[in-house]
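Have a look at the model first.

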Amino acid sequence: MTFLLVAIVVVCFGFSDIALTVGMRRAGEARSFHPRELAAMIGRAAGSPPFLLGLGLQGVALAAYLAALSMADLSLVFPLTATSNILTTLLARPLLGETVSRRRWAGVGAVAAGCVLISLS
Amino acid sequence: MTSRSGTRARAFLVLALAIGLNAAGNLLLSEGMRGIEGVAKASGLSGLLDLVGGAFDNPLVLIGLGLLVGFFVLFLSLLSWADVSYVLPMVSSCFAVNSLLAFWLLGETVSPLRWVGIAVVTLGVGLVGATAPDGGRRLARAGEEGSTVKENAEPPDARLPGEAQ
């Protein structure tokens, strides 16, 4: 049961990041971080279906994460959910057309492995 | 200026701000939640609701939540122009940053294994940070326009056609 919940967390986080990215790209680039421009960016994104899908999936993932935490230790649950970055990176090429170089893949793997080590201790 | 170093500098700046907001937000949340009466005896659904109600009366928790919302908005702004495969691992480094801050500010002990984890995350951030924040997508676009882009050819650091000097 715990592993089923963790699988839901990983899949929902993985796809939510992809959906949020699609929504943000459609909303247009916001390279400045002036509050007014950021507010306008959120306004443009708020009505877009992929953005709302991404937010919904984040909510489902968070609920499943909390449910998993109520059944098992953080030191078991968190390392498993840290692998959602790897799923997102796998999906980024076919769904978003990103080219992920070997160097970036190595970095993604190292960050995920490091998060696992941090949560194990 | 749309040079590569300008793009990277902008990404680093927004990332630093986002990670700082995340760390400060989490520190305030944990301080605020510890100060709420009756956390230890909260049980059942009504206990949980009381706890949430108490949390929303606590200024530290409210400020912490506000900072985390700010973090999320900056994260979204990065996704609007940078690769998600760049942004996510960089943002994940906040787990290491939060551990370090807990060590420096709250005096929490950090086990040897955790130090190793912090070092490995730092290494990963260095590797991802050395790639171009929006390189993958620009290459993909270049590919659609007919130029040949070899897969896995360590592309982000090659100079792209049409790029400003």
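Q: What makes the order of elements in chain A, from the N terminus on?
A: The elements run α-α-α-α-α-α, with six helices and zero strands. Helices (H or I, at least four residues) and strands (E, at least two) are DSSP runs, numbered from the N terminus. Bear in mind that this is a predicted model, where local features need pLDDT of at least 70, side-chain atom pairs count only at pLDDT 80 or more, and totals for chains, interfaces and linings use all residues. Residues are numbered from 1 along each chain as its sequence is written, while chains are lettered from A and ligands numbered from 1 in the order in which they are written.

Q: Which residues in helix 5 of chain A meet helix 6 of chain A?
A: A:Asn85, A:Ile86 and A:Thr89 in helix 5 meet A:Val108, A:Val111 and A:Ala112 in helix 6. Two residues are in contact if their C-beta atoms, placed from the backbone, lie within 7 Å.

Q: How many residues of chain A are in contact with chain B?
A: 40 residues of chain A are in contact with 44 residues of chain B. Helix 6 of chain A gives the largest share of chain A's side, 14 residues.
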